[in-house]
Amino acid sequence: MPSAGKRKHKKPRKSELDSALGQVSDESVAAAMKEFQDLLAQAKVDTTELIRQNAEELERRLILLKKGKIDKEDFDFFVENQKRALRVFIDSQPAQAQERAEKLTLHVLEIAATKVAPLLLAMI
Amino acid sequence: MNPNTAKNLIVRNAFLCAAAIVITSCGTATINKSGSDAQIESLRSFELAFIDEFAVPGKRFNVAAFNAKVNEGNAKFQQAIANEKFTARRPVLIDLKAQFDADATHLRSKASRGKITPALASEMKKDVNKIYDHALGR
């Protein structure tokens with residue numbers, strides 16, 4: 001019978017997106033990717049459903065982009081849709097929560113559209 | 001009539017009138033809200049059907065049919081906004097119209113160049129369902 005005490009602690013499995021972004025070697029780009037990955041990871045476990053949902057949608061669409069199932073125009077269109085849906089939510093948050101919500105949603109979307117997506121396309 | 005009895009009658013009638021007004025206005029609000037929900041569901045069905053019709057990989061782009069459907073959608077949204085009795089819903093309908101406009105613009109651009117993919121259609125429908133669910137407070 002396996003003993004719980006003997007179980008090895010497994011590292012969380014890298015997502016498909018993390019594996020792709022992990023291949024970046026350029027230091028300045030790698031720093032931006034690290035910031036993006038950290039923010040996305042925080043957003044994915046946030047207590048607010050809308051923030052989690054936004055992060056999951058964004059990750060799914062970045063993977064679709066990398067696989068060539070959607071193109072950059074489609075990706076940008078979806079980012080704009082996500083922003084439109086989020087603005088109402090952020091405006092409805094108390095002032096002290098707005099900055100954090102904005103960082104985990106609109107800011108992540110911005111980095112994804114301007115830095116991550118072009119990098120993923122260059123890797124294809 | 002005893003002045004006290006008369007006073008009690010006036011108070012009782014005033015209370016009954018106030019209660020009747022409150023009950024009637026609540027009923028009207030419920031009817032307006034459910035009618036408004038049905039309107040939003042009807043717009044959702046229209047927009048999903050629009051995507052199903054035109055976001056089809058490999059399908060020849062029919063400009064006339066596309067324009068006719070966009071015009072039909074514009075008329076439906078404008079009518080819904082104008083007829084909305086539940087005033088808090090008007091900005092929501094305006095947001096839904098903005099989504100329809102964005103979908104139509106993107107679909108026109110992609111379909112006219114034969115660049116529709118199954119993933120595009122599927123993701124567009126997910127966004128439509130999401131924004132309509134938010135509009136309905138779900």
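## Chain A: contacts and fold

In chain A, 68% of the contacts between residues at least 6 apart in sequence join residues at least 24 apart. Two residues are in contact if their C-beta atoms, placed from the backbone, lie within 7 Å. This is a predicted model: local features need pLDDT of at least 70, side-chain atom pairs count only at pLDDT 80 or more, and totals for chains, interfaces and linings use all residues. Residues are numbered from 1 along each chain as its sequence is written, while chains are lettered from A and ligands numbered from 1 in the order in which they are written.

Chain A has five helices and zero strands. Its pattern along the sequence is α-α-α-α-α. Helices (H or I, at least four residues) and strands (E, at least two) are DSSP runs, numbered from the N terminus. Of the 124 residues in chain A, 27% are buried. Buried means that 20 or more other C-beta atoms lie within 10 Å of the residue's own, with C-beta atoms placed from the backbone.

## Where the chains meet

Chain A gives 12 residues to the contact, and chain B gives 13. On the chain A side, α3 (49-66) and α4 (72-91) each supply at least two residues. The largest share, seven residues, comes from α4(A). By class, the chain A side has five nonpolar, one polar and six charged residues. Here Ala, Val, Leu, Ile, Met, Phe, Trp, Tyr, Cys and Pro count as nonpolar, Asp, Glu, Lys and Arg as charged, and the others, Gly among them, as polar.

How do α4(A) and α3(B) pack? Their angle is about 180 degrees, and their axes are 11 Å apart. Axes are lines fitted to C-alpha atoms, for helices over the stretch in contact, and angles run from 0 to 180 degrees between N-to-C directions. So α4(A) is roughly antiparallel to α3(B) (an angle over 145 degrees). Phe77(A), Glu80(A), Asn81(A) and Arg84(A) meet Ala98(B), Gln99(B), Ala102(B) and His106(B).

## Inside chain B

Helices α3 (residues 90-111) and α4 (residues 118-135) of chain B have axes that come within 10 Å and cross at roughly 175 degrees. That makes α3(B) roughly antiparallel to α4(B). Their contact has seven nonpolar, one polar and two charged residues.

Helix α2 (residues 63-83) of chain B has one buried residue among its 21, so α2(B) lies largely in the open.

Key: Buried ≥ 20, exposed ≤ 12 C-beta atoms within 10 Å, placed from the backbone. Parallel < 35°, antiparallel > 145°, perpendicular 65-115°, else oblique.
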